[in-house]
Amino acid sequence: MKKPIIVLGIGELGSVFARAFLKNNHPVYPITRTTDIDELRTSIDPEFILICTGEADLQSALKSIPNEWKDRVAMMQNELLPRDWTAHNLTNPTIISVWFEKKKGTDSKVLISSPTYGKKAQILVDALALIDIPAHILTSPDELLFELVLKNLYILTTNIAGISIEPNATVDTLHNQHLTLMRNVSNDILTLQTQLAKQTFDAQKLEQGMIKAFQGDLTHQCMGRSAPARLKRTLELAKSFNLSLPTLEDIAGQTL
């Protein structure tokens with residue numbers, strides 16, 4: 001039996017990771033809202049702790065990590081960038097950019113292979129392979145940053161553009177029938193990502209990566225239930241940097 005892994009947040013994705021770890025002979029300890037983390041801290045020595053909360057709960061989750069575990073934290077959220085973890089004194093966290101989805105009552109659906117980086121990356125890749133979810137290891141922090149921005153671009157562009165087009169529109173519809181809107185939204189998102197990451201990115205390469213992800217599931221619906229919250233959160237971030245995002249502001253003016 002291998003060392004235990006803690007999963008903070010046993011929602012749909014957390015349950016997928018837990019099953020993968022169990023199949024790879026790691027005992028899994030969940031942290032829920034009723035868990036006494038201090039009691040858990042004194043009773044086990046985990047391989048790592050994977051934070052599977054939603055984006056809005058990430059900061060409070062990171063604050064709850066005991067000092068003894070700060071050198072073995074892994075994260076898998078959307079809208080994730082280094083600025084989200086650097087303030088918490090974590091030592092080289094492991095990050096996976098998740099390109100599979102899990103909805104209640106259905107099996108996992110893979111779009112493309114999920115890139116991961118960090119000292120626990122191999123464990124993630126090996127465990128997910130046991131439940132037929134492909135993942136691969138990146139070789140540098142720069143590669144990781146690009147992959148995080150790519151995922152942010154995908155999720156925010158499809159969700160926010162989906163607010164302003166026909167109900168149940170797919171990514172294929174967005175790309176082939178609303179290309180100008182897709183690019184205008186994407187440009188706004190990239191403007192903010194550049195500010196948040198304090199680095200510029202190859203817009204053409206990012207668009208190519210986004211279209212590759214589209215091809216992984218052409219029927220994937222653009223607008224999830226969290227789309228309005230993502231739009232609101234994005235505009236609040238932009239406002240904090242005095243950034244103008246004209247397409248997103250226009251969409252918000254019409255819908256929020």
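Predicted model: local features only at pLDDT ≥ 70, side-chain atom pairs only at ≥ 80, totals over all residues.
Glutamine 254 counts as exposed, at 58% relative accessibility. Now look across to serine 164. Glutamine 254 and serine 164 are 90 residues apart in sequence, but their C-alpha atoms are 8.2 Å apart in space.

Step back to the whole chain. The domain assignment gives domain 1 as residues 5-139 and domain 2 as residues 142-254. The centres of the two domains, taken over C-alpha atoms, are separated by 24 Å. Domain 1 brings 21 residues to the contact, and domain 2 brings 24 residues.

How is the size of such an interface often given? It is often given as the accessible area lost when the parts come together. Here the area buried between domain 1 and domain 2 is about 2000 Å². Carbon and sulfur atoms give 62% of that area. On the side of domain 1, the residues that lose the most area to domain 2 are Glu79, Leu81 and Trp99. Together these three make up 30% of what that side buries.

Polar links cross the interface too. Between domain 1 and domain 2 the count is four salt bridges. Eight residue pairs are in polar contact across the interface. Strand E7 (109-110) and strand E8 (114-117) each supply at least two residues of the side of domain 1 that touches domain 2. That side divides into 13 nonpolar residues, three polar and five charged.

Side chains of opposite charge can pair when their charged atoms come close. The structure holds twelve salt bridges. Start with glutamate 79 and arginine 233, whose closest N and O atoms are 2.7 Å apart. This pair links distant parts of the chain, 154 residues apart. Glutamate 79 is in the loop between strand E4 (73-75) and strand E5 (94-96), while arginine 233 is in helix H9. Is glutamate 79 buried or exposed? Its relative accessible area is 19%, and under 20% counts as buried, so glutamate 79 is buried. Arginine 233 has 26% relative accessibility and counts as partly exposed.

Next comes lysine 109, which forms a salt bridge with aspartate 217. Their closest N and O atoms are 3.5 Å apart. Lysine 109 is in strand E7, and aspartate 217 is 108 residues away, in the loop between H8 and H9. Lysine 109 is partly exposed, with a relative accessible area of 37%. Aspartate 217 is buried, at 9%.

Stay with aspartate 217 for a moment. Its loop runs between helix H8 (203-216) and helix H9 (227-240). Which residues does aspartate 217 touch, not counting those up to four places away in sequence? They are Lys109, Leu111 and Val171. The side chain of aspartate 217 also makes a polar contact with the side chain of threonine 219, at 2.8 Å.

A further salt bridge joins arginine 183 and glutamate 207, with the closest N and O atoms 2.8 Å apart. Arginine 183 lies in helix H7 (residues 179-197), and glutamate 207 lies in helix H8, 24 residues apart in the chain. Arginine 183 is partly exposed, at 38% relative accessible area. Glutamate 207 is buried, at 19%. Elsewhere, salt bridges that share partners join Lys3, Asp45, Asp71 and Arg72 into one network.

Two loop residues complete the tour. Asparagine 24 lies in the loop between helix H1 (12-23) and strand E2 (28-31). Asparagine 24 is buried, with a relative accessible area of 12%. Leaving aside neighbours within four places in sequence, asparagine 24 is in contact with Lys2, Ile123, Asp126, Ala127 and Leu130. A polar contact of 3.3 Å joins its side chain to that of lysine 2.

Alanine 56 lies in the loop between strand E3 (48-51) and helix H3 (58-63). Why does alanine 56 count as exposed? Its relative accessible area is 66%, and exposed means over 50%, so alanine 56 belongs in that class. Alanine 56 and alanine 229 are 173 residues apart in sequence. In space, the two are 9.7 Å apart, C-alpha to C-alpha.

Definitions and conventions. Residues numbered from 1 in each chain as written. Heavy atoms only, no water. Domains from an automatic or database assignment. Contact = heavy atoms within 4.5 Å. Buried area = accessible area lost by both parts, 1.4 Å probe. Salt bridge = Lys/Arg side-chain N within 4 Å of Asp/Glu carboxyl O. Polar contact = N/O pair within 3.5 Å; in protein donor to acceptor, adjacent residues only side chain to side chain. Helix = DSSP H or I, 4+ residues; strand = E, 2+ residues; numbered from the N terminus. Nonpolar A, V, L, I, M, F, W, Y, C, P; charged D, E, K, R; others polar. Buried < 20%, exposed > 50% of the residue type's maximum accessible area, 1.4 Å probe, protein only.
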